[in-house]
Amino acid sequence: MINLEDFVSKIWGGILKISGNLVIDPMKFNAVFAYNNLDLTEFTKFLFEQNMIIPGRVSFNGRLYSKGESINELANNLDVEANYLASKIEINGIAIDDYIKTVLNPHYKFRASLKQDTYYAPYKGSTKFRSASGAAIIKDSLLHLKNNSFVTQFSTGALSAVLNIHNGDMKTISSILFLPLDKITYQEPIKLILHADNNFFNPRRWIDIEFLKQHLILLEKAKLEQQRSLNQNKRQHRH
């Protein structure tokens, strides 16, 4: 048995610490680890093309386990359970906050523009995440994200995802909450449901806007009622 006592390495701008052991016959690997302040810019430069680079910092802590007949099998059979905390991440290709600003504009003509704006929002611009946290589990070559939460400038959200780390196939769902800016309707959070599937490198994304549409219809009715009331008061003052 080979013991790893407080193995420390600096990699991709972060500090990786591992403590555990490797049993040779049969081969088994078991360890706990902490990976602090990983630079996502350096990490994604290593993995992806230029347009896939993700700025930000993230820290992990958790455990590693694997067994196999060779080093290659150990790598392929690796199971990971970890918690993470990330900050100042920017994701290209989706504009959550820009979309929210657009639909909350008091002069927004949702009946004319909502369908088109909703279609393009998941494929353009970028979103800055102030923070994100949750649990990440890798088992049988599948990455599961559970109990994940995030905060952007205008929203909070929760995300669940499954990603095949070998071929990139994925399925995610995010519940995004934000507050209306108007003073006319009730001040309850509005919910968007963001879906993504297909493949990590060629994703298909779409937004379920049923709750948003309900809010915009209520707002439209409230504005019309407010205008009717103002017009009625003006007529009464004339008399």
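**Legends to the close-up views**

View 1. In strand 2, the residue bridged to Val8 is Lys17. Strand 2 covers residues 14-23, runs antiparallel to strand 1 and is joined to strand 1 by eight bridges. Strands (E, at least two residues) and helices (H or I, at least four) are DSSP runs, numbered from the N terminus, and two strands pair if DSSP finds at least two bridges between them. The model is predicted, with local features needing pLDDT of at least 70 and side-chain atom pairs pLDDT 80 or more, while totals for chains, interfaces and linings use all residues. Residues are numbered from 1 along each chain as its sequence is written, and side-chain values use heavy atoms, without hydrogens and water.

View 2

**View 3. Strand 6 and strand 7 form a hairpin.** Two residues lie between these strands, and Asp140 in the turn has a positive phi of about 55°. Nine bridges join strand 6 to strand 7, and the two run antiparallel. Ser133 has Ser149 of strand 7 as its bridge partner.

**View 4. Strand 8 is joined to strand 7 and to strand 9.** Strand 8 (residues 156-164) runs antiparallel to strand 7, with eight bridges between them. These two strands form a hairpin with three residues between them. Val151 is opposite Thr156 of strand 8, and His144 has Val162 of strand 8 as its bridge partner. Eight bridges also join strand 8 to strand 9, again in antiparallel pairing. Here Val162 stands opposite Lys171 of strand 9. The hairpin of strand 8 and strand 9 has four residues between the strands, and Gly168 in this hairpin takes a positive phi near 85°.

**View 5. Trp12 and Phe43 form an aromatic pair.** The count of aromatic pairs comes to seven (rings of Phe, Tyr and Trp, the last by its six-membered ring, with centres within 6.5 Å; planes under 30 degrees apart are stacked, over 60 edge-to-face, the rest tilted). The ring centres of Trp12 and Phe43 are 4.9 Å apart and the planes stand at 70°, so this pair is edge-to-face. Trp12 sits in the loop between strand 1 and strand 2, and Phe43 sits in helix 1. The two residues are 31 residues apart, and the pair links distant parts of the chain.

**View 6. The structure has one cavity of 30 Å³ or more.** On a 1 Å grid over the protein atoms alone, a cavity is a set of points where a 1.4 Å probe fits but cannot get out, a pocket is an open set with protein on both sides within 12 Å along at least five of seven lines, and lining residues have an atom within 4 Å of a point. The largest cavity holds about 60 Å³ of space (the space filled by probe spheres set on the points, which are joined across faces, edges and corners). Its lining includes Ile94, Ala95, Tyr99, Pro122, Ile176, Leu192 and Ile207. Helix 3 and strand 10 are the elements that give two or more residues to this lining, and helix 3 supplies the largest share, three residues. By class, the lining has 11 nonpolar, no polar and no charged residues (nonpolar: Ala, Val, Leu, Ile, Met, Phe, Trp, Tyr, Cys and Pro; charged: Asp, Glu, Lys and Arg; polar: the others, Gly among them).

**View 7. The second largest pocket has a volume of about 260 Å³.** It is lined by 13 residues, of which Pro106, His107, Tyr108, Lys109 and Lys223 are the closest to its centre. Helix 4 (110-120) and helix 5 (210-238) each give at least two lining residues. The largest share, four residues, is from helix 5. Seven nonpolar, two polar and four charged residues make up the lining of this pocket.
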